[in-house]
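Have a look at the structure first, then read on.

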Amino acid sequence: MLAMDQGVVEEWLSEYKTLPDSAVSTYAASLKDKGALVPALYKVIRENYSDLLEPVCHQLFEFYRSGEPQLQRFTLQFLPELLWSLLSASAARDPHTSGCIEALLLGIYNLEIVDKDGQSKVLSFTVPSLSKPSVYHEPSAIGSMALTEGALANHGLSRVVYSGPHLQRETFTAQNRFEVLTFLLLCYNAALSYMTSTSLQSLCQLSSRVCICGYPRQQMRRYKGISTRLTVTSEFLVQLITGIHYALCNGEVELGSKALDDVLYRSQLELFPEALLVGNAIKSSLRGAALKSNNKEGARSIQVEITPTSSRISRNAVTSLSIRGHRWKRHESEAALGGMVIPEINVTGVSGERMPNGDSLRPRADGRAQPDGDMLGAASEVSLDPRSHDSSTRGQEVRRQKSISNLIKNA
């Protein structure tokens with residue numbers, strides 16, 4: 001570590017100790033103007049045997065415990081690098097070099113799982129419904145959704161998933177390590193829009209290293225760090241993918257693409273369905289999209305493809321409005337004819353009553369009614385020749401039109 005970087009870090013350590021409480025907000029806003037401070041702190045964290053590592057971790061914890069949002073975000077930007085230092089030290093079985101980092105991460109975790117009154121938090125997450133539009137999808141692009149009784153019963157209902165309460169942790173063990181780290185990544189992802197490009201790059205590098213160390217892909221990536229396989233969980237990889245998605249859409253296209261491929265590679269080896277589902281969904285949504293590779297200092301966002309909104313109702317659809325319009329047109333035509341109603345003409349020329357089974361009763365010569373089945377012979381004689389049937393139909397239509405014309409003239 002250079003003497004100049006060491007001097008910057010030592011000055012930063014000393015000035016906060018003498019700061020009054022009333023000047024904390026002003027001091028937090030001025031940290032972004034210190035361009036040499038953040039790179040120097042990254043160097044301290046990467047050097048596990050640095051004498052400044054312990055006071056730096058203590059200072060970062062004081063920042064987070066102050067409750068000032070800007071100071072908390074300043075600490076969170078180093079979270080990916082802190083996680084990698086912890087995991088690499090545990091893989092190398094050198095816990096003495098990571099003791100202060102463990103204390104810092106456990107301190108942040110224990111602060112985040114309780115509220116201001118010291119009560120355990122219960123986080124809630126609302127699962128979006130596919131029947132309602134969001135920034136990720138349009139219902140019209142999914143296709144026709146069957147309006148079954150079950151679908152109508154669940155329409156508009158929101159599913160809420162709860163997380164917590166979480167237990168206080170005093171030390172890292174093999175059982176609780178990734179539970180704590182996953183929760184810390186959740187806190188980091190909640191502040192992604194405030195993270196710098198250096199922090200996003202560190203997140204992508206963390207994702208690749210965790211997933212490929214000890215596997216054949218490590219040789220392809222030419223990474224010469226530790227070669228020990230690191231145990232991961234599906235929930236941890238899902239949180240990594242969430243951060244990678246944001247990095248991909250905000251300037252880190254190359255590192256983000258490699259990190260996403262590495263996470264999917266590890267998910268396939270471990271058969272993690274949740275990580276595979278989320279990772280492949282993001283990869284499919286970004287395929288062919290023009291990612292903003294040069295927008296590192298602009299507005300922070302996540303790029304999604306929104307389908308254009310289209311008319312939900314066809315022009316030829318039968319609605320209550322179209323039925324009323326049809327009735328108005330009919331009343332206007334009757335008024336134009338002087339109030340005379342055009343009689344209904346039976347085109348088939350057959351009259352009779354309808355039986356319960358669907359047959360019609362036709363009058364016989366002796367005055368009694370008989371069903372259609374008794375006149376099959378006569379009907380068959382007429383229906384055998386289609387030309388005669390068509391000619392009779394045309395003749396009846398001509399007579400109907402003539403009758404309508406005569407009624408209009410007499411009116």
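1. Val122 sits in the loop that runs between helix 7 (99–112) and strand 1 (123–127). Helices here are DSSP runs of H or I with at least four residues, strands are E runs of at least two, and both are numbered from the N terminus. This is a predicted model: local features need pLDDT of at least 70, side-chain atom pairs count only at pLDDT 80 or more, and totals for chains, interfaces and linings use all residues. Residues are numbered from 1 along each chain as its sequence is written, and side-chain values use heavy atoms, with hydrogens and water left out.

2. The cut-offs are under 20% relative accessible area for buried and over 50% for exposed, with partly exposed in between (1.4 Å probe, protein chains only).

3. Skipping neighbours within four places in sequence, Val122 is in contact (heavy atoms within 4.5 Å) with Tyr162, Ser163, Gly164 and Pro165. Of these, Tyr162 belongs to strand 2 and counts as exposed, because its relative accessibility is 58%.

4. His166 is in the loop between strand 2 (159–163) and helix 10 (177–190). His166 has 18% relative accessibility, so it counts as buried. Again leaving aside neighbours within four places in sequence, the contacts of His166 are Tyr109, Ile113, Ser120, Lys121, Glu179 and Phe183.
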